[in-house]
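Colleague: Could you walk me through this one while I have it open? I'd like to go through it piece by piece.

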Amino acid sequence: MTAATEAPVEEPRTVSAAGTAIEIAGLGHSFDRLEVLDRVDLSVGAREVVGVVGPSGCGKSTLLELIAGLLEPDQGTVAVGEQRAAPERLARCVYMPQRDLLLPWLSALDNAGLALRNRGAGRDAARAAAAPLFERFGLGGFESARPAQLSGGMRQRVAFLRTLLAAKPVLLLDEPFASLDAISRAEMQEWLATALAAEPATVVLVTHDVEEALYLCDRVAVLSSRPGRTLVTIDSPAPRTLPRLEVVTSPAFTSARERALEALAKGAR
Amino acid sequence: MSARQGGAVAPWLLPLGVVVALLGLWELAAQWDWIADALKIKPFLIPAPSEIAQSLWDDRALLAEDAWVTAQEVLLGFALALVVGFGFAIALHLSDTLRRAFYPLLVASQTVPVIAIAPILVVWLGFGIGPKLAIIALVCFFPITVNTLDGLRSVDPELPRMMRTLDARRSQILRRVEIPSALPFLLSGAKIAAVISVIGAVFGEWSGADQGLGHLILIAQGQLQTARVFAAVVVLSTLALILFGGLALIERRLAWWEPRRNRRIAG
């Protein structure tokens, strides 16, 4: 299998019978006169985990907002589950922003269950649905804690649970660990790897950290500096396994990382 | 006194000390007729704090009766301003058109000299509680509405977007995110309104009333019973302080997540 393919050539290796979950073609977007994205092509198979890396300011977050249906593209098309209309995309995607954005007046449990409440579940029903996940994700005992009482890593986990409980087919994660220090980051990557393995969702993960992307994703798309366009997509050499340190120091991983960094450097100009 | 050790006590002690010192000075100045001599007026026009205290005690039945009337006006007028102001702020927040149309009017409402229109309101609404409520609500309305509107508009713009991807409707974003975010602002506005509400009550009663502390002040002034005037003023201030304190308590219970911006730094 070719490790690096020139975009927009697509051969997603994990596309199953379920077909394509996200189809992006010739996508471009500007804010006022600032061109943020230019000719982004990407297709993501159902249940595939795809990373998007690029230099800061290359429009990675904008790309997620476009997929999520929070923005309408200026050029090109975005389809989620073959639906192009923004409300349809919004119905299929859940977007986890960079900051945890937990509501300080709600407990961790109530924060996690927000999507259920929005869909009309009562307070108790939402809590009952969220509580088992707290145990599973190492947050047991912190159900009634307020966000201010939690560490950065725990807040991020609660935010991730809130995202999972929205139970949408597509998860869009925007630099989920950007605000964490290196040690918590490594721990959280292992944690997320486990969490994603158990989740039947399609995932697009945006990060500026090539190693994080290659470790967590099946495939990584490299964007150029602003205006961002897809340069290459690189297949991850290893399946997500534990421990993380063994994976990221393997020769195959190192060479994939070098290819990605090289592409980044070329695209950064 | 070290700042660390004094931190817990000093906030109460310091203003109390100032008040005691000022009252002491005033007492001496009144007892020895310094003020009256300096102003060339009759000494009985300058009541000493002890005489005011005497009046507070002697006139307690009268003061209590009028205070009850004024307290009702203040509470009802304040509640009216709270309900109308909150509703108005939400309406202006939800509609750009409404905001553009009414915001200048909102500011203009605050420039109206309440004391000048109070008599007109009495003519329109009669001598009952109506005009008093209208005047109190008018002075309280502005700080409540403007603060609530500011609070609603200062919500982190990422929060509504996050809520939208969690399938929230507009009304749910308002209820679950925007109103709780605005609550500390609303309560700040309400505290300002509470303090000025008694001023509104006095204006209202001066324009036509047969009871209430404002009315009592007017009568006592006519009879040159200055100690009683001051006694009524003390009761009025106490009313405002109780309302303010109650709101501060509610703020601590309802908006506890907000780091108290003006909280004193205690050791």
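Modeller: One term before the sheet: two strands count as paired if DSSP finds at least two bridges between them. Please also keep in mind that this is a predicted model.

Colleague: Fine. In what order do the three strands of the open sheet in chain A come, and is the pairing parallel or antiparallel?

Modeller: The order across that open sheet of chain A is β3-β2-β5, and the strands pair in the antiparallel sense. β3 (34–45) and β5 (75–80) of chain A are the edge strands, and each has a single partner strand, so one side of each is left without a neighbour in the sheet. On average, and ignoring direction, neighbouring strands here are turned by 20° against each other.

Colleague: How many bridges join β2 and β3 of chain A?

Modeller: Eight bridges, with strand β2 of chain A covering residues 20–31 and pairing with β3(A) in the antiparallel sense. If you want a place to look, A:Ser30 stands opposite A:Glu35, which belongs to β3(A).

Colleague: Switching to helix α1 of chain A, why is it described as largely enclosed?

Modeller: Helix α1 of chain A, residues 60–68, is largely enclosed by the rest of the structure because eight of its nine residues are buried. The cut-off behind that word is 20 or more other C-beta atoms within 10 Å of a residue's own.

Colleague: Which residues of α1(A) are buried?

Modeller: They are A:Lys60, A:Thr62, A:Leu63, A:Leu64, A:Glu65, A:Leu66, A:Ile67 and A:Ala68. After α1(A) comes A:Gly69, which has a positive phi, near 85°.

Colleague: And chain B, what is its secondary structure?

Modeller: Chain B has twelve helices and zero strands. Its C-alpha trace spans about 75 × 60 × 30 Å along the principal axes, and 36% of its 267 residues are buried. Of the contacts in chain B with a separation of 6 or more, 76% are between residues 24 or more positions apart.

Colleague: Last topic, then: how many residues of chain B are in contact with chain A?

Modeller: There are 13 from chain B, in contact with 18 residues of chain A. On the chain B side, α9 (158–165) and α10 (170–206) each supply at least two of the residues that touch chain A, and the largest share, six residues, comes from α9(B).

Colleague: What classes of residue make up that side of chain B?

Modeller: The side of chain B that touches chain A has seven nonpolar residues, four charged and two polar.

Notes. Residues numbered from 1 in each chain as written. Chains lettered and ligands numbered in written order. Predicted model: local features only at pLDDT ≥ 70, side-chain atom pairs only at ≥ 80, totals over all residues. Helix = DSSP H or I, 4+ residues; strand = E, 2+ residues; numbered from the N terminus. Axes fitted to C-alpha atoms, helices over the stretch in contact; angles between N-to-C directions. Buried ≥ 20, exposed ≤ 12 C-beta atoms within 10 Å, placed from the backbone. Contact = placed C-beta atoms within 7 Å. Nonpolar A, V, L, I, M, F, W, Y, C, P; charged D, E, K, R; others polar.
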